[in-house]
Amino acid sequence: MMPQQRKAETFCLHPIAIAVLATVLIISRAPIALADDDSWQDIRASLYGNDRVIHDGEGVITLDAPNRALDAATVPISVTAEIEQTEERYIRAVTLVIDENPAPVVGTFHLFPGNGIANLSTRVRINAYTNVRAIAETSDGELYMAQKFVKASGGCSAPASKDHDLAMARLGKMRLKQIGAWRKDEPAQGQFMISHPNYSGMQVDQVTQLWIPARYVRSIELTLGEKPILRFEGDISMSENPTVRFFVRPDAEAELHAKVIDSDEQTFEQSWPIELDPAS
C-alpha cells in the first residue's frame, strides 16, 4: 500500500465510528439542559416539596417565549390558559420560574374566577441559557407545568435603560390600558404598567461605576370595585418598569385600583374609572 493511501485511510471513518462521534458531540452539548434539570429539582422542592405531583400542562396551560431573546433584560413571556375561570374550577395561581437565574422564582400571580380567562403576559430578565417554566395551580390544588428553553444571557446585570436620577423621578408612575372594548360580563383584556427601575442588585451605575442596591417591585394588587382581579408577589427577575397583561370580566362600571409595594416598603396607589361599551 502506498503511503498516500494509508494517509487517506486515516480520515475514512467507519459508519459505527461516525455514530459514536455524533453521540459524543450530542452529549457534549447536554450539560446546559442537565444543569437546568438539576437546578429545577432544588427549586421544585423549595416551592412544592418533594411529594406533590406536577402534571404536564397540556390542556391546562401553555407558555410562549422566544427561542433566543433579543434583549435578555426584557424577555416577553406569555401564559395561556386552556381552561375557563369558573367558580367550579379555575387557575388560582401561576408561578414563573427561570431555572438558571440568581433569583429563579420570578413571582406568583394569584388569579380569581372574576378574571374570566387566566391568560397573562409580562417581561422578565434571563441571566443564562435556561428552561423557563410556568406552573399553574388549579382551585382543586393540582399542579400543571409548561416549559420553554430560552437562549439569553446577562439579563440580570444589564444596565438600566434610564439614569438613576431620572428613574427615581418617575418612580411609581402608573398607567392602565383597556385593550379593545370592555363589555359587561365578558372577559376583557387590560395592561397595567408601573415606572420602577426594579434594580436587581447586580447592576453598576454607568456614571459612578458603583453597584446599585437591589430595589424591586415586591407586590402588585389589582381590584375592580370590591372584586380582586390579580395579586402578584415577586422578586428581582421581573424586568424594569414592570408590566402585566391580564383579563377581567367586568359586571358593572367601576374603578380599577392598583396598589404596589416595593422592596423598600414604599407604597404606590392609583385608580382609573373603567368604561364599558354601551352596546353591552
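## A network of charged side chains

In this predicted model, E137 has a relative accessibility of 17% and counts as buried, because the limit for that class is under 20%. E137 lies in strand β7 (residues 130-138) and takes part in a salt bridge with R92, whose closest N and O atoms are 2.9 Å apart. Since R92 belongs to strand β4 and E137 to strand β7, this pair ties together parts that are 45 residues apart in sequence. R92 is partly exposed, at 32% relative accessibility.

A salt bridge also joins E137 to R52, with 3.3 Å between the closest N and O atoms. R52 sits in the loop between α3 (31-48) and β1, 85 residues from E137, and the pair thus links distant parts of the chain. With a relative accessibility of 30%, R52 counts as partly exposed.

## A further salt bridge

The side chains of R218 and E265 meet in a salt bridge, at 2.9 Å from N to O. R218 is located in strand β11 (residues 217-224) and E265 in the loop between β14 (255-262) and β15, so parts 47 residues apart in sequence are tied together. R218 is partly exposed, with a relative accessible area of 30%, whereas E265 is exposed at 53%. Salt bridges with shared partners join R52, R92 and E137 into one network. The count for the model comes to 9 salt bridges.

## The open sheet

An open sheet of mixed pairing is formed by 9 strands in the order β1-β8-β7-β4-β5-β12-β11-β14-β15. Its edges are β1 (54-56) and β15 (267-273); each has a single partner strand, so one side of each is left without a neighbour in the sheet. On average, neighbouring strands of this sheet are turned by 20° against each other, direction ignored.

Strand β4 (residues 91-98) pairs with β5 in the antiparallel sense over 5 bridges. V94 has F109 in β5 as its bridge partner.

## The surroundings of T108

T108 is placed in strand β5 (residues 105-110) and counts as buried, at 15% relative accessibility. Its side chain makes a polar contact of 2.8 Å with the side chain of T95. Beyond neighbours within four places in sequence, T108 is in contact with A93, V94, T95, R231, F232 and E233.

## The chain as a whole

The chain contains 4 helices and 15 strands, and buried residues make up 44% of its 280 residues. Of the contacts with a separation of 6 or more, 67% involve residues 24 or more positions apart. The chain exposes about 14,600 Å², of which carbon and sulfur atoms supply 53%.

Technical notes: Residues are numbered from 1 along each chain as its sequence is written. This is a predicted model: local features need pLDDT of at least 70, side-chain atom pairs count only at pLDDT 80 or more; totals for chains, interfaces and linings use all residues. Side-chain values use heavy atoms; hydrogens and water are left out. Helices (H or I, at least four residues) and strands (E, at least two) are DSSP runs, numbered from the N terminus. Buried means under 20% relative accessible area, exposed over 50%, partly exposed in between (1.4 Å probe, protein chains only). A polar contact is a pair of N or O atoms within 3.5 Å; within protein, one must be able to donate a hydrogen and the other to accept it, and residues adjacent in sequence count only if both atoms are side-chain atoms. Contact means heavy atoms within 4.5 Å. Accessible areas come from the Shrake-Rupley method with a 1.4 Å probe; for residues, only the protein chains shown count as cover. Two strands pair if DSSP finds at least two bridges between them. Axes are lines fitted to C-alpha atoms, for helices over the stretch in contact, and angles run from 0 to 180 degrees between N-to-C directions. A salt bridge is a side-chain nitrogen of Lys or Arg within 4 Å of a carboxyl oxygen of Asp or Glu.
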